[in-house]
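Reader: I am new to this entry and would like to talk it through. Could you take my questions as they come?

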Amino acid sequence: MSTESIFVEQLSKTYKVPEREGGFGAAVRSFFKRKYKDVNAVQKVSFRIEPGEIVGFLGPNGAGKTTTLKMLSGLLHPTGGKANVLGFTPWELKPDYLRSMTLVMGQRNRLSWDIPAADSFLLNQAIYRLPDNEYKKTYKELDELLELEPLMKKPVRNLSLGERMKCEIAAGLLHRPKVLFLDEPTIGLDITGQARIREFLREYNRRTGATILLTSHYMADVTALCERIIIIHHGNLKYDGGINDLSRRIAPFKLIGIRLSEADSHDLSGYGSEVQNEEDAEKRYIRVRADEVTRVTSRLLADLPIHDITIADPPIEDVIERAFNE
Amino acid sequence: MHYLKLLQNLLKLNIQMSLAYRADTVVNILLNLMWLGWELLGLSIIFNNTETLGGWGPGELIALLGVFRLVNTLMAALIWPNTEKFNQSIRDGSMDYTLLQPVNSMFLTTFSRITVWRIWDLVLAIILIVVGINMSGDITTPLSTLTFILLAVSGAIVIYSLWIVLIALTFWFTKFDNNVTILQALLDAGRYPVTVYPVWLRIIVTFIIPIAVATTIPLQALRGDLEISRVLIFIGVGIVSFWIASNVWKAGLKRYSGASS
């Protein structure tokens, strides 16, 4: 028996997608004889996740993130490879497995629109066979963290997107799952809404020791929550490791920021590529390879009338962006 | 036990939902009474021209109308609303959540929507059956009443199974929104006793499209003109069709998890 929460080995998924050319003739032909094309959504991906870890699962659209999450939650059968979550093979959909995990998808609704969330919660209580005292305890905890109470009595359709997402997440957690698969849990939310969900997830993970695998398009989610990230692209695993090591491994660059004491007309192209930074208009930034930082800095100091100088790691967003594009 | 409790929960939920739409509920009940009047009018026109229809008198036909409406209630209270919900959940992907709940997905698909006010229909249907039988002067015994109930349940299961198979086809074809229109069309054939139809059609109606099982046959049992062996066969048909349906459903789920993205 292994100790990790999630164990994935050589997991692959190939879809058969009907294919046809545009135009009327092609449409008629394809009605009688379909041509199919194989799409390799996920190709031989392997990783393992320890209990209590929060791991960011990243990749551009169509990289295979959702497909992987669906296989791990049990919705999809893989075409190859193995997966084991909490000792279960997910796609066997054993009730004991379903009771110990949850899948929350930011773009799909679990709650019924026409009734207040409170009623859907009670239905969930019945579905997961939660004893009253246990259910009340969990609800109280979730309410404390998410301030659910004022939202519970209104029909879900009258809630704002942020409010609804809070309820959706809470609904997915009533049975105290040990593993959480979160697919874009903050999608469409404003900055404060995102921050609240993020804060909640961190606190939930701290309190319950739940394992969380999360995808998001907002890098802030990832940098705030995850120490470890897994990047996939075109179905292949590109990176698996610490978020802080990523910049060293993928993009070993530093940003040198300088403020000049004179008018800003100097040409900096001889030192490195200049980067735009809207937040700090007074400074100019150049991207320099890590092993050249000392040399370039001393040249800058010697050549230019420098008022202030800083050396920093590039923002993680940029690094991940670069990782995708490689 | 767990499923009974779940059913109770779903029922409560649906009562709450229908209370939220008061006008809708009232209009529906009125509309329904109007339909009944229309159907009775149709019958009276038929019997102004002939004494019997396929060997069935006016009272028996009213009873048949009652059984037909019983089946219709099943359609309207469960099958229609849940089909709508099912088709939508396939389209918007919320089916994924249904499948990940630790409860039989066929059960959830069957009972997540219940049109509660249709209970009136049920009462109306039973009145029609009782009145019809009284008018016809047929003698009913406790045994024939029991067989009637058994066969009616078995017939309902046949229709239910047919429905499950039809909606499970959605797993293969993705867009199959008229799945239940087909079922309704088949069902409408059950409004008149099967003996009205020519033999070849009767065979289709009884065996290939087993709607008659749900309407004419239970009533024949109540009249006492059904042999015991045939009663057993029809009950067997109910069991077998349920078995087939749940297997088609399972295969559909497998297909869904193999192909969807």
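Reader: To start with, is A:Glu92 buried, partly exposed or exposed?

Author: A:Glu92 counts as partly exposed, because its relative accessibility is 47%; buried means under 20% relative accessible area, exposed over 50%, and partly exposed in between, with a 1.4 Å probe and protein chains only. This is a predicted model, in which local features need pLDDT of at least 70 and side-chain atom pairs count only at pLDDT 80 or more, while totals for chains, interfaces and linings use all residues. Residues are numbered from 1 along each chain as its sequence is written, chains are lettered from A and ligands numbered from 1 in the order in which they are written, and side-chain values use heavy atoms, with hydrogens and water left out.

Reader: With which residue does A:Glu92 form a salt bridge?

Author: The partner is A:Lys94, and the closest N and O atoms are 2.9 Å apart. A salt bridge here is a side-chain nitrogen of Lys or Arg within 4 Å of a carboxyl oxygen of Asp or Glu. A:Lys94 is partly exposed as well, at 41% relative accessibility.

Reader: Changing topic, what is the strand order of the open sheet in chain A?

Author: The order of its 3 strands is 2-1-4, with antiparallel pairing; two strands pair if DSSP finds at least two bridges between them. Strand 2 (35–49) and strand 4 (80–85) of chain A are at the edges with a single partner strand each, so one side of each has no neighbour in the sheet.

Reader: Over how many bridges do strand 1 and strand 4 of chain A pair?

Author: They pair over 5 bridges. A:Val8, for instance, has A:Ala83 in strand 4 of chain A as its bridge partner.

Reader: What is the mean pLDDT of chain B?

Author: The mean is 80, and 83% of the residues of chain B reach 70 or more; pLDDT is the predictor's confidence in each residue, from 0 to 100.

Methods: Helix = DSSP H or I, 4+ residues; strand = E, 2+ residues; numbered from the N terminus.
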